[in-house]
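Let's take a walk through this structure together.

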Amino acid sequence: MSDTLEYDVLVIGGGPAGSTAGRFSARNGARTLVIEKRQEIGSPVRCGEGISLSWLDELDIKDVGPWVSRYMNGARIYSPSGYVLEIVEEYAGDEVGCVIERDLFDKDMARRAAMEGADFMVKTAATGLLWKDGCVVGARVKQLGREFDIKAKIIIGADGFESQVGRWAGIYTAIPPKDIMTCFQYRMTGIDVDPDYTHFFMGSGAPGGYAWIFPKDERTANVGLGVQFSRLDGSVTPKDYLDRFIAGHEGLKNGEAIDMVAGAVSVAHPPERSVADGIMLVGDASRVVDPITGGGIINGMKQARMAGELAAEAVDQGRSDHEYLKRYEKRWRERFENKLWRNYMAKEKAMQLDDVMYDKIVDALSELDLRKVRVETILEGVRRKYPELIKEFEDMM
Ligand SMILES: Cc1cc2nc3c(=O)[nH]c(=O)nc-3n(C[C@H](O)[C@H](O)[C@H](O)COP(=O)(O)OP(=O)(O)OC[C@H]3O[C@@H](n4cnc5c(N)ncnc54)[C@H](O)[C@@H]3O)c2cc1C
């Protein structure tokens, strides 16, 4: 292999966003390479594995792969005192339709990209960017101890939550501690919970976050919890919170943990920019994670399609300047930005609620028919039951 490789498009990171960007770039005629620093795409898994299936058409996926672990009927949201709000799958958002095997999912997304012509290199980490006249023109990479350059007309940074690529490119990607959710999760077996629903638990048991149970089969589930990073003072860890939650849950306390993962999720507002000369960021690297749920797989993949398509377009036009690449930014903002900001504001509000408020809100909402729900219906429901809460609620809406 020569010391320098050349491609039209170089995607750094082989997660779902990177593979999707690579797939649509290759589909549209650009010679595309995806590099992944880990030796195996999709592994180890750091994910609750809850997603909807509402995005398949948008990403032109006709058959679900071997990665569906279990289909869900809907979601249940529990307040601290046990009020329950049930939401059917259709209305439950991007994290609820099914629980997946994330390693198989990521591999399947990579397979689809490869089938459409993208090349892949695993165990190949970008260690820096290559520049020419202020424009990013490639990356320095390290593969099994060997270092070489990969030049490309367009670089797509898909390197996840801690995106170094964004920082190297001078795009501000730092996340304030109050907008980081620190998570801990076990896969538990021998448990007894309704296996056809995802379960979300609000309140002070998970300060600034929530606990979740995402069933994988009748007796097995991902059981996890996220805590706002800025509320951790070192005396109680996310694992401690999770262990307490499990000990206090009748259906979980006799189960066994068969694996554990720790990780962090951004619950920040959308970034100020996601492009610079020669480079675009996608997925977690560009913070399109839903600030309420911390779910980022689907938004990231939808956004990555836009980046892949625009990358191929830019190569075709011989453009790599940020003015041209801003078309990508405009497209994804039109699609996601309002919702991301709205959910960010709602998350900020939710962080101030105490257990009593959560009880009242879940109680008030649980009496509504959420199939017909509109903002006015919710406000009316809360006004009827807890008129004193209406101001808080109007703010949240
Ligand atoms: C505990 C936990 C639970 C979660 N649960 C859910 C959930 O239930 N549902 C949901 O939708 N989302 C969930 N998320 C969020 C979800 O995992 C992310 O939003 C999603 O993985 C983002 O995809 P991505 O492709 O942008 O980044 P990633 O999946 O993080 O992929 C980035 C890839 O880039 C590679 N990489 C990094 N640096 C380099 C480099 N220098 N060179 C080459 N490769 C590099 C990494 O190895 C990685 O494979 C959860 C996250 C955590 C931590």
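## V315 and its contacts

Skipping its neighbours within four places in sequence, V315 touches D8, V9, A30, K153 and I154; two residues are in contact if their C-beta atoms, placed from the backbone, lie within 7 Å. You'll find V315 in helix 5, which runs over 297-317. Helices (H or I, at least four residues) and strands (E, at least two) are DSSP runs, numbered from the N terminus.

V315 is buried because 22 other C-beta atoms lie within 10 Å. The rule here is that 20 or more other C-beta atoms within 10 Å of a residue's own makes it buried, 12 or fewer makes it exposed, and anything in between is partly exposed, with C-beta atoms placed from the backbone. Now hop to Y358, 43 residues apart from V315 along the chain: their C-alpha atoms are separated by 51 Å.

A quick note on what you're looking at: this is a predicted model, where local features need pLDDT of at least 70 and side-chain atom pairs count only at pLDDT 80 or more, while totals for chains, interfaces and linings use all residues. Residue numbers start from 1 along each chain as its sequence is written.

## The whole chain

The protein chain has nine helices and 18 strands. It is divided into domain 1 (4-65 + 102-176 + 269-345), domain 2 (68-97 + 179-266) and domain 3 (349-396), with bounds that come from an automatic or database domain assignment. The C-alpha centres of domain 1 and domain 3 sit 38 Å apart.

Of the 397 residues, 48% count as buried. Take the contacts with a separation of 6 or more: 70% of them join residues 24 or more positions apart. The C-alpha trace spans about 65 × 45 × 45 Å along its principal axes.

## Around the ligand

How many residues surround the ligand? There are 42, and the closest are G13, G15, G160, G283 and G296; a residue is near a molecule or strand if its C-beta atom, placed from the backbone, lies within 6 Å of it. Among the elements that give two or more residues to this shell are helix 1 (16-27), strand 9 (124-132) and helix 5. Strand 16 gives the most, with four residues.

Domain 1 and domain 2 both give residues to the shell, so the ligand lies between them. By type, the shell has 18 nonpolar, 16 polar and eight charged residues. Here Ala, Val, Leu, Ile, Met, Phe, Trp, Tyr, Cys and Pro count as nonpolar, Asp, Glu, Lys and Arg as charged, and the others, Gly among them, as polar.

## Helix 2

Helix 2 covers residues 102-115, and at 1.5 Å a residue its 14 residues should span 20 Å, which agrees with the 20 Å between its end C-alpha atoms. That expected span is 1.5 Å times one less than the number of residues.

Its buried residues include F105, M109 and A113. Helix 1 and strand 2 (32-35) are among the elements covering the buried residues of helix 2. Just after helix 2, G117 takes a positive phi of about 115°.

D60 isn't a glycine, yet it has a positive phi of about 55°. R287 also has a positive phi of about 55° without being a glycine.
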